[in-house]
Amino acid sequence: MSGWLTRSAFPAGRRATGLLQVSPEGGMVASLGDGEAAAELAAETLRAAGVTASDRVVVALNDDGEAAGALLARAAARVAEAAASTGPRGRVRLHAALEAVGATTLVITPTGAMDLLARLHLEFLLDPLDLELDRILLVGEIASPGTAAQLAAEFGAQVRELYADPCFGVPVAWRGDGAFTPVRDGLLALAPLGKDARLDAPYPAGLAEIVVTPAWHPDLGGTVLRTGHVVRLDGGEDAIPAVAHTVGDHVLVRGRWLSVPAVGAALARIDGVSRWDLRVTRAGTLDAAALHVTFARDTLVRNPMWKGRITEALRALTPVAVEVAVEPDVVGERRPGTVTDARGHHLGRDRAALG
């Protein structure tokens, strides 16, 4: 298969075979074949990021449908002395798992690492240095400024970031303080937001989207996958810098891609919703999402059953906790739903308009 694809235009899952990654809302099904090529590529990336044969690795990533945690643990077992996929857990149980395994390397989201750090200080009254972590590998989110430096200082560990292909969950590049280093040629490139064409280095100033060419994949090696990850270029760079934004129909919340069209479709089935706004914030260590709903009839504003229906619809859609807030004002005129990202991450759904 060849051509340019987004998550929304991914091939139909009913034709996929082998080991499958399924997005929480079921909108995208990605095949990893027998999983061997993906595990080998992930192992290469972990090795390049500094994992050694003497390391003991704990992967604290979610495995709800998109089995990124299990994939990374399997890959880490090829490189390190031992590896475990514990999931994010509660921080008390994650701390217990790190101690029980004797972990030297922790793979976790940036906000997950910062939340663990905060709880070690404020709740457990423990010194992060006592965990004796040698390295922390961050993956899956756009980190707040200063995150890597603070984690390195507090844990006394080397901190690096992995770039995981958001369609397959396979890490394909890593970075320290600078740009990403892909582990194989041709895996990553940059493209304009509104045009299906690769940019040549040195790159021009402006916004560009990271695109992936999964040459390792038996069926999709000829495709170019738009990731939804956007970088800001000063002009003159010859490598891919850290991700600064997202774009498209999916919003990245707590390391998970939340489908905006799927939210709209779920709310369209609930009578009386005239407009809605998905608001994402990062006031503390973790992302928070709230769906602000406006009703067309006054009787629904104070009806707990209607709010409960929306809450259940969101629960069926995503593992990310989304608070439902009912606006007090009634508006009869319907309009499309919107996204408000107070983090400044999500630029919008329309690539062409942004480009």
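Colleague: Which residues does His217 touch, not counting residues up to four places away in sequence?

Modeller: His217 touches Ser31 and Phe168. Bear in mind that this is a predicted model. As for its place, His217 sits in the loop between strand S12 (206-212) and strand S13 (222-233).

Colleague: Why does His217 count as buried?

Modeller: Buried means under 20% relative accessible area. His217 has 5% relative accessibility, so it counts as buried.

Colleague: What makes the pair of His217 and Ser31 a polar contact?

Modeller: A polar atom of the His217 side chain lies 2.5 Å from the backbone oxygen of Ser31. The cut-off for a pair of N or O atoms is 3.5 Å, and one must be able to donate a hydrogen and the other to accept it.

Colleague: Turn to helix H6 (residues 260-268). Which of its residues are buried?

Modeller: The buried residues of H6 are Val260, Ala262, Val263, Ala266 and Leu267.

Colleague: How do you know that they are on the same side of H6?

Modeller: They cover an arc of only 160 degrees around the axis, and therefore they lie on the same side of H6. In an α-helix there are 3.6 residues a turn, so residues three or four places apart point the same way.

Colleague: What covers the buried residues of H6?

Modeller: The cover includes strands S15 (250-253), S16, S17 (273-281), S18 (288-295) and S20 (338-341), together with helix H8 (304-317).

Colleague: What caps the N-terminal end of H6?

Modeller: Ser259 does: one of its side-chain oxygens lies 3.1 Å from the backbone nitrogen of Ala262.

Colleague: What lines the largest pocket?

Modeller: Its lining has 38 residues, of which Thr109, Gly140, Arg254, Gly255 and Arg256 lie nearest the centre. Two or more lining residues come from each of helix H2 (68-79), helix H4 (110-122), strand S8 (158-164) and strand S16 (256-259). S8 gives the largest share, 4 residues. By class, the lining has 21 nonpolar, 9 polar and 8 charged residues. The volume of this pocket is about 750 Å³.

Colleague: And how much space lies in the second largest pocket?

Modeller: About 370 Å³. The second largest pocket is lined by 21 residues, with Glu161 and Arg175 among those nearest its centre. Helix H5 (147-155) and S8 each supply at least two of the lining residues.

Conventions
Residues are numbered from 1 along each chain as its sequence is written. This is a predicted model: local features need pLDDT of at least 70, side-chain atom pairs count only at pLDDT 80 or more; totals for chains, interfaces and linings use all residues. Side-chain values use heavy atoms; hydrogens and water are left out. On a 1 Å grid over the protein atoms alone, a cavity is a set of points where a 1.4 Å probe fits but cannot get out, and a pocket is an open set with protein on both sides within 12 Å along at least five of seven lines; lining residues have an atom within 4 Å of a point. Grid points are joined across faces, edges and corners, and a volume is the space filled by probe spheres set on the points. Ala, Val, Leu, Ile, Met, Phe, Trp, Tyr, Cys and Pro count as nonpolar, Asp, Glu, Lys and Arg as charged, and the others, Gly among them, as polar. Buried means under 20% relative accessible area, exposed over 50%, partly exposed in between (1.4 Å probe, protein chains only). Contact means heavy atoms within 4.5 Å. The arc is that of the directions from the helix axis to the C-beta atoms.
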